Amino acid sequence: MPQEQEAPSGPAGRPGLQADCANCFGLCCVALPFARSSDFAVDKDAGQPCAHLRADFRCGIHTRLREEGFSGCTVFDCAGAGQKVSRVTFGGRSWWEDPRSARLMFQVFPVMRHLHELLRYIAEALDRAEAAPVHEDLRRAFETVDGLTRGRAASVAATDVAALRGEVNPLLLRAGDLVRATAPGRRRNHRGADLAGARLAGAGLRGASLRGAVLIAADLRGADLRAADLIGADLRDADLGGADLTGSIFLTQAQLEAARGDAATRIPPALTRPAHWRRRAS
């Protein structure tokens with residue numbers, strides 16, 4: 001496939017690691033499947049365009065997704081994979097214009113999303129001064145993964161994401177531990193713990209490891225989560241009202257969108273307070 005030039009997406013500011021729907025062919029609305037549930041109002045197969053996808057690849061109910069029963073769409077984040085596949089891997093030619101490319105494009109997109117997610121985590125670790133001892137290794141990892149994202153479509157689709165994660169995760173774990181080490185006192189380890197529905201209001205979780213922890217519907221009101229490692233933590237419907245997440249590492253916008261919070265919730269400056277939190281507060 002022809003390659004379109006793109007500005008380097010280096011760690012500082014992560015310009016290429018934020019979703020840019022205006023430069024995407026609506027790939028999340030076509031390539032991925034979803035099942036009727038509390039997150040989606042209908043069933044949709046992979047490769048089938050969502051009924052709400054417009055001809056310009058925009059969502060026809062974007063401002064009403066939660067009200068229409070599509071809250072799952074509001075928490076999805078491609079980390080910039082959509083525009084990379086659309087404009088770089090496939091050179092700006094859409095699946096609609098070239099139906100023969102559709103199948104491969106839809107195979108590439110979820111792989112690219114995983115690669116961009118890794119890049120985003122690596123970039124965040126590079127932005128953290130506390131993780132300086134592993135910055136050199138992280139820079140090399142960033143260059144390797146970034147190079148993979150710029151390959152031809154077939155090579156991207158064939159990427160062994162699990163093996164790549166196995167190489168990068170130790171670096172991310174070390175970076176998270178270095179950030180956590182700055183927290184005073186005892187640092188709790190809840191890595192991979194099942195804390196669904198847990199009553200953790202006001203909990204002292206500063207510097208805690210919550211990597212991969214299940215915190216669905218957990219009560220975290222007023223909890224101290226400063227310098228906590230939240231990579232992969234499931235925060236769906238968790239109550240973060242009044243919680244302090246400043247200085248936490250690997251927290252994503254999608255995690256915030258899946259949780260509940262309020263005007264008193266403190267979040268890292270790089271993230272945005274979800275709109276449904278403001279509606280809740282009002």
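When I say contact today, I mean heavy atoms within 4.5 Å. Helices, for their part, are DSSP runs of H or I with at least four residues, numbered from the N terminus.

Quick housekeeping. This is a predicted model, so local features need pLDDT of at least 70 and side-chain atom pairs count only at pLDDT 80 or more, while totals for chains, interfaces and linings use all residues. Residues are numbered from 1 along each chain as its sequence is written, and side-chain values use heavy atoms, with hydrogens and water left out.

Okay, helix 2, residues 81-89. Eight of its nine residues are buried, meaning under 20% relative accessible area with a 1.4 Å probe, protein chains only. Among them are Gln83, Lys84 and Ser86. So what covers those buried residues? The cover includes helix 3 (102-127), helix 4 (135-149) and helix 5 (153-157). Just after helix 2, Gly91 takes a positive phi of about 60°.

Now look at His116, which sits in helix 3. Why does His116 count as buried? Because its relative accessibility is 0%. Setting aside neighbours within four places in sequence, its contacts include Ala81 and Lys84, plus Cys78 and Thr149.

Last stop, the rings. The whole structure has seven aromatic pairs; a pair here is two rings of Phe, Tyr or Trp (its six-membered ring) with centres within 6.5 Å. One cluster is formed by Phe25, Phe57, Trp95, Trp96 and Phe106. Elsewhere on my list, Lys44 lies over the face of Phe34, 5.6 Å from the ring centre; the cut-offs for Lys are NZ within 6 Å of that centre and within 35 degrees of the ring normal.

Conventions: Phe/Tyr/Trp six-rings, centres within 6.5 Å; stacked < 30°, edge-to-face > 60°. Buried < 20%, exposed > 50% of the residue type's maximum accessible area, 1.4 Å probe, protein only. Helix = DSSP H or I, 4+ residues; strand = E, 2+ residues; numbered from the N terminus.
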